[in-house]
Amino acid sequence: MTPDLPEGIITRFRTLSLERLGRVEATWNSLIGGVQDHNALREVARDLHTLKGDSRMVGFDDVHVLSQKLEELFAVAGQLDYRVSDDLELVITMAIQFLGVLLRKKSGNAVSGIDLPGFVRQVDEVLRETRAVPTIAMPRTATIGKVRVPNVKVSMDRLSEPTRHRLAVAATNAYLEYLSARGTTSRTRLRGVWATLRDELSGMQSVPLEPVIDRHATTAQSLARELGKQVAVELELGAMRVESRVAEALDLAIVHLIRNALDHGIEPPPARVAAGKPAYGMIRIRAGEQLGMTVLEIEDDGAGIDLDAVRERAIERGLLRPERAATASDAELLDYIFHPGFTTRSMITEVSGRGVGMDAVKAALVRVGGNVSISTTKGHGSKVTLETPAPIRQIRAYQFLSPGGGVSLAVSARWTPVVEDGPARDALDPATAIQLAGSSRQTVLDLARPVRDLVLRLRWGFLEIALRAATEPVLVTADRICPTPDDYPLEVVAIDQQETILLRPEHLTSLVERTA
Amino acid sequence: MSVELPKSTSAVLSVDASFADGTLSSRFIGTADVEAKPYLDDVVKKLHEEALRLGANKVVIDFRELEFMNSSSFKVFVSWLALVQELPADKQYRIHLLSNPSMHWQRRSLAALSCFAVDLVAIET
């Protein structure tokens with residue numbers, strides 16, 4: 001479970017999710033009893049989609065995995081017009097039960113005694129078998145309609161951060177192996193391994209924003225139709241890219257915000273025309289970059305937020321003293337929208353009032369180092385601004401050559417280097433450090449004898465470490481082509497397209513001490 | 001020692017049970033489908049109560065002569081596992097499912113069922 005989410009959000013998520021699951025189960029029981037209800041199926045699709053999104057937002061990872069599987073199962077069942085095999089019926093029924101068990105667990109994740117991966121394997125097996133069998137769907141007389149649920153695939157660029165870090169560490173080790181393989185026949189092969197891993201990782205560091213947003217724009221059209229509204233969604237996203245974890249937070253936020261805009265912002269066509277607006281409402285989603293942050297704006301030309309209703313609700317909830325109410329600024333009132341459980345009566349509707357709320361949207365963004373704000377003009381619409389950190393692609397660093405002069409090295413520019421003439425007894429040979437940091441005992445850098453013996457005395461706060469070097473350090477900008485975790489001693493960066501080993505001296509020393 | 005179970009209300013499912021050496025053994029014969037569901041509810045509830053009353057450390061469920069079990073009947077067993085999981089550790093008993101691997105439904109379904117409580121459930125063939 002995500003540790004920084006308030007317990008109130010978790011409790012509300014659990015309650016709402018169990019309600020959703022109850023509806024899914026009731027519909028499934030009707031389906032296997034031979035009764036199809038178009039509206040109920042649409043509700044199932046919506047409930048599962050929301051459950052999947054909400055669970056990811058609150059950090060119930062196993063619920064997220066299983067609800068995604070259940071979506072897939074329902075999609076396959078739908079393709080068969082719900083004339084399913086015993087196996088498919090069983091795993092859907094069991095998946096619903098399993099979700100119930102997980103939702104009731106404190107953390108929402110499988111605990112000792114529960115074998116979720118084993119169950120998911122069973123599900124995958126049934127899905128594979130079902131998809132492999134050619135079927136001719138015979139329409140049932142009782143069929144009213146069916147819902148298409150999109151298949152969800154996990155793409156490489158959605159790998160979790162820890163997985164990407166593990167790959168980066170493996171790539172770094174491959175690079176060290178390549179360096180140490182001078183004069184051997186495997187050098188070319190190791191270079192190829194390193195280059196492949198580096199390129200894969202480079203593509204994974206960030207993902208294009210447009211596909212993340214675009215699918216919700218498409219969904220918005222059908223949701224608007226359901227609400228008897230008309231809307232055009234305009235995207236101005238350019239080639240903006242964001243980190244995968246940020247994409248996930250934005251994905252969740254956008255679902256909620258589009259629903260809100262459609263449900264509460266955009267008016268029905270007659271009301272719009274009466275207000276002198278086009279019958280078609282407009283939602284504009286724009287992305288830009290500002291001071292190292294990716295800024296995403298979701299703006300609608302609807303009715304705007306009823307600040308009087310917000311004021312009234314804030315007083316009811318005890319968030320705002322009545323005597324302060326008249327003088328509360330618009331910004332202050334809008335801030336209440338992010339309080340846990342805060343909804344005005346008009347905000348609780350079939351479409352948008354059943355999610356985990358704006359407080360959870362904010363929590364998801366804050367978790368990735370971002371934030372959210374709202375501005376509104378009565379009668380003219382609202383604008384929600386989501387700010388998230390832009391992908392970190394470059395860092396400032398001091399570059400120098402190893403004692404033998406054969407390897408390009410660097411340290412982050414947060415260290416202050418002072419150059420001394422060597423030798424110094426306490427100075428660490430980077431080659432030794434790199435050798436220790438690599439995962440393989442075979443990683444030995446073949447450095448020549450020192451051409452110039454300098455000592456770089458590096459200071460950062462109370463930390464101090466001395467490294468041997470062949471050249472004086474030069475301040476440069478390095479591209480992070482293969483980011484390893486902050487606590488890993490090494491990372492391969494590119495400086496003027498030349499591969500360089502970035503050292504994290506604070507972790508090199510601990511390795512040396514541990515090994516000594 | 002024979003264990004008394006609810007009187008069968010199903011024409012397609014019969015269940016018997018006995019207790020010896022700390023093990024409550026039960027045999028399911030026939031088909032556990034929609035028609036048998038109310039009876040199954042009663043039987044499984046009673047088996048749990050008897051296991052607790054007798055202080056059983058193991059409950060053996062013999063499915064080898066059970067031709068089929070539908071998904072709603074499986075839910076009865078899922079609920080049962082949840083009940084056992086919630087018991088204090090000293091009251092919990094292990095559940096052994098005797099399976100006939102030649103029946104396809106048993107291979108898939110019992111394996112899926114065991115995922116709910118791998119610490120408690122063992123499948124024997």
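# A tour of chains A and B

Select V474(A): at a relative accessible area of 47%, V474(A) is partly exposed, a class that lies between buried (under 20% relative accessible area) and exposed (over 50%), with a 1.4 Å probe and protein chains only. You are looking at a predicted model, where local features need pLDDT of at least 70, side-chain atom pairs count only at pLDDT 80 or more, and totals for chains, interfaces and linings use all residues. Residues are numbered from 1 along each chain as its sequence is written, chains are lettered from A and ligands numbered from 1 in the order in which they are written, and side-chain values use heavy atoms, with hydrogens and water left out.

**Stop 1: around V474(A)**

V474(A) sits in strand 13 (residues 474-482) of chain A. Helices (H or I, at least four residues) and strands (E, at least two) are DSSP runs, numbered from the N terminus. V474(A) and F400(A) are 74 residues apart in sequence, yet their C-alpha atoms are 6.6 Å apart in space. Which residues is V474(A) in contact with, leaving aside its neighbours within four places in sequence? They are A397(A), Y398(A) and Q399(A). Contact means heavy atoms within 4.5 Å.

**Stop 2: helices 8 and 9 of chain A**

Select helix 8 (residues 209-226) of chain A together with helix 9 of chain A. They pack at an angle of about 20 degrees, with axes 10 Å apart. Axes are lines fitted to C-alpha atoms, for helices over the stretch in contact, and angles run from 0 to 180 degrees between N-to-C directions. Helix 8 of chain A is therefore roughly parallel to helix 9 of chain A. Angles under 35 degrees count as roughly parallel, over 145 as roughly antiparallel, 65 to 115 as roughly perpendicular and the rest as oblique. Show the side chains at the contact: helix 8 of chain A contributes residues including L209(A), V212(A) and I213(A), and helix 9 of chain A contributes residues including A247(A), L250(A) and I254(A). By class, this contact of helix 8 with helix 9 of chain A has 13 nonpolar, 1 polar and 3 charged residues. Ala, Val, Leu, Ile, Met, Phe, Trp, Tyr, Cys and Pro count as nonpolar, Asp, Glu, Lys and Arg as charged, and the others, Gly among them, as polar.

**Stop 3: helix 2 of chain A**

On the helix 2 side of chain A, pick R46(A), T50(A), G53(A), R56(A) and M57(A); they meet E248(A), D251(A), L252(A) and R259(A) in helix 9 of chain A. The contact of helix 2 with helix 9 of chain A holds 2 nonpolar, 2 polar and 5 charged residues.

**Stop 4: aromatic rings**

Over all chains, the structure holds 15 aromatic pairs. Rings of Phe, Tyr and Trp (its six-membered ring) pair if their centres lie within 6.5 Å; planes under 30 degrees apart count as stacked, over 60 as edge-to-face and the rest as tilted. Select Y175(A) and W194(A): this pair is tilted, 5.0 Å centre to centre with 55 degrees between the planes. Y175(A) is in helix 6 (residues 161-180) of chain A and W194(A) in helix 7 (residues 187-205) of chain A, 19 residues apart. Are these residues buried or exposed? Y175(A) counts as buried at 5% relative accessibility, and W194(A) counts as buried at 0%.

**Stop 5: chain B**

Chain B has 3 helices and 5 strands. Finish on F28(B), F63(B), F74(B), F77(B), W80(B), Y93(B) and W105(B), a cluster linked by ring pairs. Both W80(B) and Y93(B) are buried.
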